[in-house]
Amino acid sequence: MEYGTERVVALVDMDCFYVQVEQRINPELKNKPCVVAQYKTWKGGGIIAVSYEARAHGVTKNMWADDAKKLCPDLQVARVRESHGKADLTPYREASVEVIEVMSRFAVIERASIDEAYMDLTASVKQRLRNMEDQQIEPHLLTATFIQGYPQATTSQEETEHAALDKDALRSQGLGQWLASLPPTTQTDSAELQLAVGAIIVEEMRAAVEQCTGFQCSAGISHNKVLSKLVCGLNKPNRQTVLPLSSVTQLFSSLPISKIRNLGGKLGASITETLEVENIGELTKFTQGHLAQHFGLKHGQWLYDLCRGVDFEPVKPRHLPKSIGCSKNFQGKTSLATKEQVQHWLQQLALELEERLIKDREMNGRVAKLLTVGVKQAGETTPSSFSRCCALARYEANKISTDSFAIIKSLNSAGNHQQAWSPPLTLLHLSASKFSDAPTASSGGIGTFFSSEVISSQKLSSFSPSAGLARQPTPKRPGMIESFFQNASKKRKEDHVELSEEGENELKDSGEEEKSCSESNASTSSSLQGGISSFFQKKQVPTSATTTADGSSVVTGQAVDSSQSHEHVITQSDKKTYVHTSDSLCGVPEHSSLPEAALSFSTEDYLTCDRCGQAVLAWEMPEHTDYHFAQDLQNSFSSPLPSPSSSNQIPANRSKTHAGPRSKTSPASCSRTLSSGPLRPQAKKPKTVGTVVTLDSFFKKS
DNA sequence: ACGGTTATAACT
DNA sequence: TAGTTATAA
C-alpha cells in the first residue's frame with residue numbers, strides 16, 4: 001500500500017447551515033435568496049450565512065443586511081433569536097445534534113464545528129469491500145460524486161469535447177473514466193477502490209441526513225483530513241468530491257498555500273515569504289530538514305508530508321464540544337465603563353451559560369469543572385486581552401456571575417470602591433470546560449434528588465432520561481443517550497408535520513419521507529459494525545459505589561454538586577451548615593463572594609461593608625476590612641509592578657493553610673496554581689497574578 | 001464602532 | 001498549570 005493511503009477519511013460540511021435551519025423553520029424561505037443576520041439596529045444586522053441563490057447576487061457573509069438588500073432587493077432576511085440581550089444560537093446547535101446523530105449511524109465521527117464533521121471510514125470500507133465479492137462499482141451509486149482530476153483529456157480533441165459539456169455531463173464522464181480505471185473489487189487493498197467505496201458510503205450518509213433532517217450537505221473523500229477538507233468545497237452545494245492521491249500533484253501545482261487548512265494565517269504567510277513560494281506543491285523542493293529549520297520540527301515534518309498529499313492527523317471520536325461558552329462584544333461607545341454594567345452583562349452571560357450547562361448535563365451526563373472569564377479592554381487588539389479561571393462547582397447563574405466578577409475586578413484601575421470601570425471593557429466571555437462524568441442515578445439518595453428535582457425544574461420534559469434510569473438497578477449511559485436520540489427523532493417528526501402543513505406542496509411527501517428514512521436506517525445500520533451504541537459504550541464509566549450523605553440532611557440543591565466536586569460539606573450543630581468550597585478560594589479572598597454561604601447562613605449573620613456595600617459575614621468583617629486595606633495598598637502601586645518580593649515572601653507552606661479541603665479539590669482549582677507561584681520566575685508573571693497572591697497573603701494566619 | 005460568536009490546539 | 005496566541009467556521 002502506498003504511503004499515506006492507509007485510511008479513507010471524509011469531511012462533511014452542511015451547505016449554508018444557518019440558512020437551511022431557518023428555511024426548515026419557515027418554508028417560505030426555501031429556494032429563495034436568503035440570509036441569516038444577527039441584530040438589527042445597525043445597518044439591518046450582520047450577515048452570518050448566505051443561501052446560494054443570494055450568493056449569485058454577490059451577497060456575502062460579513063455584509064450588512066442593508067447593504068445586501070441593495071445588491072438583491074428580494075433578499076429574505078431571517079434573524080437570529082435574541083435572548084439575555086444577546087444572539088442565541090440554540091436552534092442551530094440543536095439542528096447540529098440532529099445531523100451528527102444521523103451521521104453517527106454510519107461511522108465514528110469527529111465534530112469539527114457546528115456544521116462540519118470528519119469521519120474515518122476505513123473499517124466500514126474494508127468491510128463493505130469484503131462483502132462485495134467481485135461486483136462492479138456502478139456509476140448510479142455515485143450520482144452526486146465528482147472525481148478531482150477527471151476526466152483526463154489525453155488529446156486536444158478530447159479537451160475540446162469536454163469544454164462543450166455541462167457540469168454534470170463532465171462529472172459523469174470523469175466518474176466513468178475513473179471507475180473504469182479501477183481494479184476489480186476483489187483487490188481489496190487498492191487505495192482508489194477504497195475511496196470509491198468510501199464515496200458510496202458518503203452518498204448514502206448524505207441521503208440519510210437529508211431524509212431525516214431535511215438538510216443538504218457537501219463532502220470531500222480522500223485519505224486524510226486535510227485533503228478531504230480541501231476538496232469538500234470544490235463542488236458545493238449538495239455534491240461530494242473524491243480526491244485520489246494520484247490527482248494531488250496536479251491540484252497542488254497551482255494551489256495557493258493559504259487554501260490548506262491551518263495555513264490560512266500567519267504560518268502560511270511566513271512560508272510564502274521565507275521560501276518565496278506560492279503554491280503548496282512547490283514545497284516538495286525542500287528537504288524535511290530545511291523545512292524544520294525554518295518552521296520547527298513539528299511543522300517541518302508535517303509540511304514535508306503535506307505537500308505530497310500526506311497527513312496523519314487522526315479522526316478523533318468526539319461529537320460533544322469540549323467547552324461551552326458565550327461572549328458578547330461591546331464596541332466603541334457601548335463599551336462597559338461602570339461596575340454595574342460589567343455586573344449586569346456578566347449576569348446575562350451567566351444566565352445563558354447556566355441554561356446550556358444544565359441541558360448539557362441532562363443530555364450528556366457530564367459536568368464542567370472549570371469556569372474561564374475573558375475580557376478585552378478598550379484599545380486592545382487581541383481577541384481576548386485577559387483571561388482568568390476558577391473552579392465551577394455549581395450550575396447557578398448568580399454564583400457564576402459573582403465569581404466571574406471577583407476574578408476580573410482587579411482589572412478595574414478605578415478601584416473597587418468606585419462606580420467607574422476603567423479601562424472600559426469591549427468584550428466579556430464566559431466559558432465552562434474540563435468536563436467529567438456526572439454522577440448517575442444509582443449513586444443513592446442524591447441521585448434520586450438529581451433526577452426528580454433538577455430535571456423537572458428545568459422544563460426538559462421532552463427529554464426525560466430519568467424514566468429509563470430510575471428503574472434500572474445499573475443505569476447505562478448509552479440508554480440515556482439513545483433515549484435522547486429517540487426523542488430527538490420524535491421531535492423531528494413533529495417538525496416535519498408542522499413544516500408540511502405550512503408548506504403548500506409538501507403535504508403528501510412527509511409521510512413517505514419519514515418512512516424511507518427509517519427504512520434506510522434499518523438497512524444501513526445493520527450492515528455496520530456496532531453503530532452508535534457501541535460508540536457510546538466505550539465512554540461508559542462504571543458507576544461510583546460511593547454512597548453520600550442521604551438526601552434528607554441536605555437542604556439545598558448544592559448538595560448535588562458537592563458530591564460531584566468533592567467539596568467538603570461539613571454539617572454541624574446550630575441549625576447552620578458550613579460549606580467549604582474550593583471555588584471560594586479561587587484567587588480571591590474567601591469572603592469576597594459567598595453565594596453558597598448565602599444559601600446556608602441566615603441573613604442576620606451578615607453585615608454590610610461600608611466600603612463596598614457587600615454582604616459580609618459578621619465574624620469575617622475584620623478580615624474583610626483587611627482586604628480593603630490590601631486592595632488600597634495594591635492600588636497605590638502604580639501598575640505592572642511585579643508585586644514587591646511578594647512571591648518570595650509567601651511562606652512555602654502557604655497552601656497548607658487549607659490543606660484539608662484543598663487537597664481534595666479538583667486539580668483545576670486555582671489554589672494550586674497560586675501556591676506554585678513562588679516556583680516560577682517573577683518577571684514573567686502578569687501583574688494580576690502578583691496582585692492576587694499579594695492580597696491572598698494578607699489573610700494567611702501564619 | 002461595527003465581523004460576532006464559538007471552538008480547538010499549540011506554545012510557554 | 002494557567003494563560004496567551006493562532007486558526008478556523
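Reader: How many of the five residues of β8 are buried?
Author: This is a predicted model: local features need pLDDT of at least 70, side-chain atom pairs count only at pLDDT 80 or more, and totals for chains, interfaces and linings use all residues. Residues are numbered from 1 along each chain as its sequence is written, chains are lettered from A and ligands numbered from 1 in the order in which they are written, and side-chain values use heavy atoms, without hydrogens and water. Buried means under 20% relative accessible area, exposed over 50%, partly exposed in between (1.4 Å probe, protein chains only); strands (E, at least two residues) and helices (H or I, at least four) are DSSP runs, numbered from the N terminus. The rest of the structure largely encloses β8, because its buried residues number four of the five.

Reader: Which residue is the bridge partner of Asp13 in β8?
Author: Two strands pair if DSSP finds at least two bridges between them. β1 and β8 run antiparallel and are joined by five bridges. In β8, Asp13 has as its bridge partner Glu116.

Reader: Which are the edge strands of the open sheet of six strands?
Author: The open sheet has the order β7-β8-β1-β10-β11-β9, and its pairing is mixed. An edge strand pairs on one side only; here these are β7 (109–113) and β9 (145–147).

Reader: In β11, what is the bridge partner of Ile147?
Author: β9 pairs with β11 (residues 240–242) in the parallel sense, over three bridges. One of the β11 residues, the bridge partner of Ile147, is Val242.

Reader: At about what angle does helix α9 run to β10?
Author: Axes are lines fitted to C-alpha atoms, for helices over the stretch in contact (heavy atoms within 4.5 Å), and angles run from 0 to 180 degrees between N-to-C directions. Helix α7 (residues 167–181) lies across β9 and β11, at about 65° to β9. Helix α9 (residues 225–232) lies across β1 (9–14), β7, β8 (116–120), β10 (217–222) and β11. To β10, helix α9 runs at about 140°.

Reader: How many residues apart in sequence are the parts that Tyr18 and Tyr92 tie together?
Author: Rings of Phe, Tyr and Trp (its six-membered ring) pair if their centres lie within 6.5 Å; planes under 30 degrees apart count as stacked, over 60 as edge-to-face and the rest as tilted. Tyr18 and Tyr92 are stacked, at 4.1 Å centre to centre with 15° between the planes. Tyr18 lies in helix α1 (residues 17–25) and Tyr92 in helix α4 (residues 90–104), so the parts tied together are apart in sequence by 74 residues.

Reader: What is the relative accessible area of Tyr92?
Author: Tyr18 is buried, at 14%. Tyr92 is buried too, and its relative accessible area is 0%.

Reader: How far is the nearest cysteine sulfur from that of Cys217?
Author: A disulfide is a pair of cysteine sulfur atoms within 2.5 Å, and the count here comes to zero. Cys16 is in no disulfide, with the sulfur of Cys34 nearest at 8.2 Å. Cys217 is buried, with a relative accessible area of 1%. Cys217 is in no disulfide either: the nearest cysteine sulfur, that of Cys232, is away by 8.2 Å.

Reader: What share of the 702 residues of chain A counts as buried?
Author: Chain A holds 26 helices and 20 strands. Of its 702 residues, the share that counts as buried is 48%.
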